[in-house]
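Visitor: I have the sequence and the model open side by side. Can you walk me through the pockets and a couple of helices?

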Amino acid sequence: MANVTVIGAQWGDEGKGKIVDWLSERADVVARFQGGHNAGHTLVVGEKVYKLSLLPSGIVRGTLSVIGNGVVLDPWHFRDEVAKLSAQGVAITPDNLQIAETCPLILPFHRDLDGLREDASGAGKIGTTRRGIGPAYEDKVGRRAIRVCDLAHLDDLGPQLDRLTAHHDALRTGFGEPPIDRAALMAELTEIADFILPFVKPVWLTLNRAKAASKRILFEGAQGTLLDIDHGTYPFVTSSNTVAGTAASGTGLGPNAAGFVLGIVKAYTTRVGSGPFPTELEDATGQRLGERGHEFGTVTGRKRRCGWFDAVLVRQSVAVSGVTGIALTKLDVLDGFDTLQICVGYKIGEQTFDYLPAHAQDQAKAQPIYESIEGWHDTTAGARSWAELPAQAIKYIRRIEELIGCPVTLVSTSPEREDTILVRDPFAD
C-alpha cells in the first residue's frame, strides 16, 4: 500500500486539515515535514472544531503523529497547543506524538526580529505572521540554531549561544533594541525543557522502521506550493520549501517514500497577505466568495483575498510537486453562480503566457485570460457521490482536470469530514 503526501497546490488555506484528517483514520503515522506554527488547519469532527497550527492533524484521531526535522518548533506554543487540545479531550502523550531531535527552536528574539523587520519594511512588507518562522530558518541555515536536542544539554550551550548572540545582538542594536538577555533565555529554556523532552525521538528512525514494516505514512505539508521559497511568488513566500519533495528531506526518509502526492486545491482561489494575485476579485463577487467560504485565516484571523480559479498556477504546482491527484475543496461555495470564470493564461503587456513569470514586477502586471463556464443553481453542499452533484458542477470539475493536466481524486463539499466524494483511493496505489 502507498504512502501519501498531502500538499497545498495554491497559496495555502486550501482545506488540507480536513483532507489529512479524513485520510489519517486509515494511516498508521502522520508526519509534518516543514513550516511552523504559522500554518493553520481547522478540523470539524461532529460537534467539535479543532484548530491546529503546529501539531499534525492526525493527533485528533489518535494516529501516531510526528513533527519532522524540517519543522521549526516554538516550544512554548507547542505546550499551549497541547494544553488546548487536551482540554478538548484529545489525548496527547509521548506514545502518540514525537518531535524530531533536530528541529530548530523558535525563540523569543526570533519573534521580536520578525516584527521589527516587518514594521521597518514600509512598502516592502511581505505580510509575515510575525511568529519568528523566517528568522528561525535563517539561524538553521546559518548554523547557529538551538535545536530540540540541545534542551537535554543546556550546560553545553555556551559556544552556540556565543554564535547566536553575536549575530542577533548586532541586528537588535540596528533596531535600537537591547542585546539578548542570555540569563533570561537560559531560564526560559530550562523551564520548558522538561515539557518538551519526553516527546523527543529520532523521528527518522521511527519513520524508517514504519516504512520497513509496510506501515502507511501520511506526510502533511503546510502552506502551499505557491508560497515555496524557490517555486513560489518570491519574495511573498514562506521561509521553507513547501513542495512534495520536502517530505523526504523534512523527515529523514528517502525520496521514494513520498508515494501518492495529493494536491489540495480550492474550487476558487484565495490568498492571505501581500503579493501578486492575478485572478483577485475586489468586487461584489469576491466579497460573495469570501463570505460564503468563511475566508479568514486560522492563525492570523486576517481576511483572505478571493478570486476565480487559476488553472495556470495550479498546473505549475502540479508540475513542480509531481502531484498525482487533486483534492478539490469548497465546491459548494460556487453554488448559485450563473457563470464561472477559469484563468487559462495571462497577458503582460503585449505578450501572452501559459505560466507565471518569475519576476515580481511581471507577476504584478499579469492580467488573467478567462474562459467562461456555465454555473449551477442546485446545491452541492453535503454531496457524497457523483450522482448527487449537478451536471454543470461535474463539467466544471472535468474542465479543471483538463486544464491542470491532473485528475481529481477527492471532492470536498463541506467542512464535515464525511462530506467527501472519493474518486480514487490514494492509499490503494
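Visitor: Which elements each supply at least two residues of the lining of the second largest pocket?
Guide: Keep in mind that this is a predicted model. The second largest pocket has a volume of about 630 Å³. Of the 26 residues that line it, the closest to its centre include T42 and G293. The elements that each give at least two lining residues are α1 (16-24) and β3 (41-45).

Visitor: And by class, how many charged residues are in the lining of the second largest pocket?
Guide: Among the residues closest to the centre of this pocket are R304 and K330, and both Arg and Lys count as charged. In the lining of the second largest pocket, 4 residues are nonpolar and 12 are polar, while the charged ones number 10.

Visitor: Now the largest pocket. Which element gives the most to its lining?
Guide: About 1000 Å³ of space lies in the largest pocket. It has 50 lining residues, and N38, T128, V237, T238 and S239 are the closest to its centre. Elements that give two or more residues are α3 (108-120), α4 (133-141) and α8 (246-249). With 7 residues, the one that gives the most is α4.

Visitor: How many polar residues are in the lining of the largest pocket?
Guide: Sort the lining of the largest pocket by class and you get 15 nonpolar and 9 charged residues. Gly goes with the polar class in this scheme. The polar count for that lining is 26.

Visitor: Let's switch to helices. How far apart are the end C-alpha atoms of α12?
Guide: Helix α12 covers residues 391-404, which makes 14 residues. At 1.5 Å a residue it should span 20 Å, and the model agrees, because its end C-alpha atoms are apart by 20 Å.

Visitor: Which residue just after α12 takes a positive phi?
Guide: Within α12, the buried residues include Y396, I397, I400 and I404. What covers the buried residues includes α10 (311-321) and β14 (339-348). Just after the helix, a positive phi of about 70° is taken by G405.

Conventions:
Residues are numbered from 1 along each chain as its sequence is written. This is a predicted model: local features need pLDDT of at least 70, side-chain atom pairs count only at pLDDT 80 or more; totals for chains, interfaces and linings use all residues. Side-chain values use heavy atoms; hydrogens and water are left out. On a 1 Å grid over the protein atoms alone, a cavity is a set of points where a 1.4 Å probe fits but cannot get out, and a pocket is an open set with protein on both sides within 12 Å along at least five of seven lines; lining residues have an atom within 4 Å of a point. Grid points are joined across faces, edges and corners, and a volume is the space filled by probe spheres set on the points. Helices (H or I, at least four residues) and strands (E, at least two) are DSSP runs, numbered from the N terminus. The expected span of a helix is 1.5 Å times one less than its number of residues. Buried means under 20% relative accessible area, exposed over 50%, partly exposed in between (1.4 Å probe, protein chains only). Contact means heavy atoms within 4.5 Å.
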